[in-house]
Amino acid sequence: VQLQASGGGLVQPGGSLRLSCAASGSILSINNMGWYRQSPGKQRDLVAFITRDGVTNYADSVKGRFTISRDNAKNTVYLQMSSLKPEDAALYYCNADIRTYTSHGFTRYWGQGTHVTVSS
């Protein structure tokens, strides 16, 4: 199983970016999918997650500005980020709780991270 994140880049304050993360491999089912972020010298923090049924949860710092969504047919999770602030700059990681055809339960997999820089 692999998670491939994309969509990061440089954006000006107030701008928008859309991150994508596609899961591939011998996937039987995916439960929660989410995004975390980590700035240099800081811990990795939850940004948002979404359940298989579409229930969402956000960190207070991004509520009203970020929207998480998923396409179950494509095993893909998205993070639409708007009104970006310099403090949103970080390495963004996606994750997914995945059951494979050979596993007995769900395992959390992580993507490789995609950089988001917010600067004028």
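Two residues are in contact when their heavy atoms lie within 4.5 Å of each other. Keep that cut-off in mind as we walk through this predicted model.

Start with Asn95. This residue sits in strand S9, which covers residues 90-100. What does Asn95 touch, once residues up to four places away in sequence are not counted? The list is Leu3, Asn32, Met33, Gly34, Tyr36, Arg108, Tyr109 and Trp110. Is Asn95 buried or exposed? Buried means under 20% relative accessible area. Asn95 has a relative accessible area of 3%, so it counts as buried.

Some of those contacts point to strand S4. Strand S4 spans residues 27-38. S4 and S9 run antiparallel, and nine bridges join them.

S4 has another partner, S5. Strand S5 covers residues 45-50. Five bridges join S4 to S5, and these strands run antiparallel too. Here Gly34 stands opposite Phe49 in S5. How many residues lie between S4 and S5 in their hairpin? There are six. Look in the turn for Gly41, which has a positive phi of about 80°.

Now turn to the largest pocket. About 180 Å³ of space lies in it. Its lining includes Arg37 and Gln38, then Ser39, Lys42 and Gln43. Asp45, Leu46 and Val47 also line the pocket. So do Ala59, Ser61, Val62 and Glu87. Strands S4 and S5 each supply at least two residues of this lining. Which strand gives the largest share? It is S5, with three residues. By class, the lining has four nonpolar, four polar and four charged residues.

Next comes an open sheet. Four strands form it, in the order S1-S3-S8-S7, with antiparallel pairing. Which strands lie at the edges? They are S1 (2-6) and S7 (66-71), and each pairs on one side only. From one strand to the next, the twist averages 15°.

Follow the sheet from S1. Five bridges join S1 to S3, and the two run antiparallel. In this pairing, Gln2 stands opposite Ser24 in S3. Strand S3 covers residues 17-24. On the next step, S3 pairs with S8 over six bridges, again in the antiparallel sense. Cys21 has Val77 as its bridge partner in S8. Ala22 stands opposite Thr76 in S8.

Stay on S8 to reach Gln80. Strand S8 runs over residues 76-81, and Gln80 lies in it. Leave aside the neighbours within four places in sequence. Gln80 is then in contact with Ser16, Leu17, Arg18, Arg65, Phe66 and Thr67. Is Gln80 buried, exposed or partly exposed? Gln80 has 31% relative accessibility, so it counts as partly exposed.

Finish by looking from Gln80 to Ile27. These residues are 53 places apart in sequence. In space, they are 25 Å apart, C-alpha to C-alpha.

Key:
Residues are numbered from 1 along each chain as its sequence is written. This is a predicted model: local features need pLDDT of at least 70, side-chain atom pairs count only at pLDDT 80 or more; totals for chains, interfaces and linings use all residues. Side-chain values use heavy atoms; hydrogens and water are left out. Buried means under 20% relative accessible area, exposed over 50%, partly exposed in between (1.4 Å probe, protein chains only). Two strands pair if DSSP finds at least two bridges between them. Axes are lines fitted to C-alpha atoms, for helices over the stretch in contact, and angles run from 0 to 180 degrees between N-to-C directions. On a 1 Å grid over the protein atoms alone, a cavity is a set of points where a 1.4 Å probe fits but cannot get out, and a pocket is an open set with protein on both sides within 12 Å along at least five of seven lines; lining residues have an atom within 4 Å of a point. Grid points are joined across faces, edges and corners, and a volume is the space filled by probe spheres set on the points. Ala, Val, Leu, Ile, Met, Phe, Trp, Tyr, Cys and Pro count as nonpolar, Asp, Glu, Lys and Arg as charged, and the others, Gly among them, as polar.
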